[in-house]
Amino acid sequence: MRREVLADLSAVAELARLIAPALRPGDQLALNGPMGSGKTTFVRALVEALGGDPACVSSPTFTLLHRYQARLPVIHVDACRLDGWPQLAALGVDDDIAADGVLAVEWADRVAEALTPTWRLVFAHAAVGRVVEIAGPLRQNPVR
Ligand SMILES: Nc1ncnc2c1ncn2[C@@H]1O[C@H](COP(=O)(O)OP(=O)(O)O)[C@@H](O)[C@H]1O
Ligand SMILES: [Mg+2]
C-alpha cells in the first residue's frame with residue numbers, strides 16, 4: 001500500500017499513466033472514497049491513458065454502467081445506488097464482459113463480495129487536492 005498526494009488533475013493523469021500500461025484484460029479496479037474525492041476523475045484519466053477519449057467519461061451514477069473504447073475496453077460502474085452485485089449482473093456485467101476489458105467500480109465496497117480487484121484505490125479529500133492509497137497490482141492476469 002502506498003499513499004500519493006494528487007495535488008491537481010495533472011497528478012491524477014500522471015497516476016493513470018503509471019497504472020494504465022500494467023493493465024490486462026480482466027483486471028478490476030476497486031475505487032473507494034467519499035463523494036467528490038476523485039473516483040470518476042481517475043477513471044477519466046485512465047481512459048485517456050489507455051488511448052480513449054476522456055470526454056466520453058462521465059459518472060454512471062444513474063445509468064449504473066458505461067463502456068468506453070480504448071486500448072482495452074473500460075467498463076465503468078458506479079455501485080453507489082446498487083443493492084449488491086445481482087442488480088448489476090442483470091444489466092449485463094458478467095464474467096465475459098469483465099474478462100475482455102478492464103472493470104472500474106466506484107463505491108466498490110458495496111459490491112466487494114463480487115469483485116476480485118487487481119487494484120484498490122482509496123481516495124480522500126486533502127488540504128490541497130486529494131490523496132489516494134494505492135494497492136496493486138494484487139495479482140497478474142495473463143497477457144492475451
Ligand atoms: N486530485 C484532484 N485535485 C483537484 N481536484 C480534483 C482532483 N480529483 C478530482 N477533483 C475534482 O473533484 C470533483 C469531484 O471529482 P469526482 O471524480 O467526480 O469525484 P467522485 O467520483 O469521487 O465523486 C471534480 O470537479 C474534479 O475535477
Ligand atoms: Mg463518481
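Which residues of the largest nonpolar core touch the most other members? Please keep in mind that this is a predicted model.

1. **The core.** The largest nonpolar core has 38 residues, and those that touch the most other members are Ala16, Leu46, Val74, Ala104 and Val105. Two or more residues of this core come from each of H1, E2, H2, E4, E5 and E6. H2 gives the largest share, with six residues.

2. **Strand E5.** I would look at this strand next. It spans residues 102–106, and because five of its five residues are buried, E5 is largely enclosed by the rest of the structure. Neither face is left uncovered: Val102, Ala104 and Glu106 are buried on one side, and Leu103 and Val105 are buried on the other. Do notice that Glu106 is among the buried residues here.

3. **The neighbours of E5.** Strand E2 (residues 28–32) runs parallel to E5 and is joined to it by four bridges; within this pairing, Gln28 stands opposite Leu103. Strand E4 (residues 74–78) also pairs with E5 in the parallel sense, here over five bridges. Val77 has Val105 of E5 as its bridge partner.

4. **Val105 in detail.** Leaving aside residues up to four places away in sequence, Val105 touches Gln28, Leu29, Ala30 and Leu31, and also Val77, Ala79, Val111 and Leu115.

5. **Helix H1.** Which residues of H1 are buried? They are Val12, Leu15, Ala16 and Ile19. These residues lie on the same side of H1, because they cover an arc of only 100° around the axis. On the face turned away from that buried side, H1 carries the exposed residues Ser10 and Leu18. The cover over the buried residues of H1 includes strand E1 (2–6), H2 and strand E6 (119–125).

6. **The ligand shell.** There are 18 residues around ligand 1, of which Leu6, Gly38, Thr40, Thr41 and Gly129 come nearest. At least two residues of the shell are supplied by helix H1 (9–19), and at least two by helix H2 (39–49). By type, the shell divides into six nonpolar, eight polar and four charged residues.

Conventions: Residues are numbered from 1 along each chain as its sequence is written. Chains are lettered from A and ligands numbered from 1 in the order in which they are written. This is a predicted model: local features need pLDDT of at least 70, side-chain atom pairs count only at pLDDT 80 or more; totals for chains, interfaces and linings use all residues. A residue is near a molecule or strand if its C-beta atom, placed from the backbone, lies within 6 Å of it. Ala, Val, Leu, Ile, Met, Phe, Trp, Tyr, Cys and Pro count as nonpolar, Asp, Glu, Lys and Arg as charged, and the others, Gly among them, as polar. A residue is buried if 20 or more other C-beta atoms lie within 10 Å of its own, exposed if 12 or fewer, and partly exposed in between; C-beta atoms are placed from the backbone. Two strands pair if DSSP finds at least two bridges between them. The arc is that of the directions from the helix axis to the C-beta atoms. Two residues are in contact if their C-beta atoms, placed from the backbone, lie within 7 Å. A nonpolar core is a set of buried Ala, Val, Leu, Ile, Met, Phe, Trp, Tyr and Cys residues joined through C-beta atoms within 7 Å.
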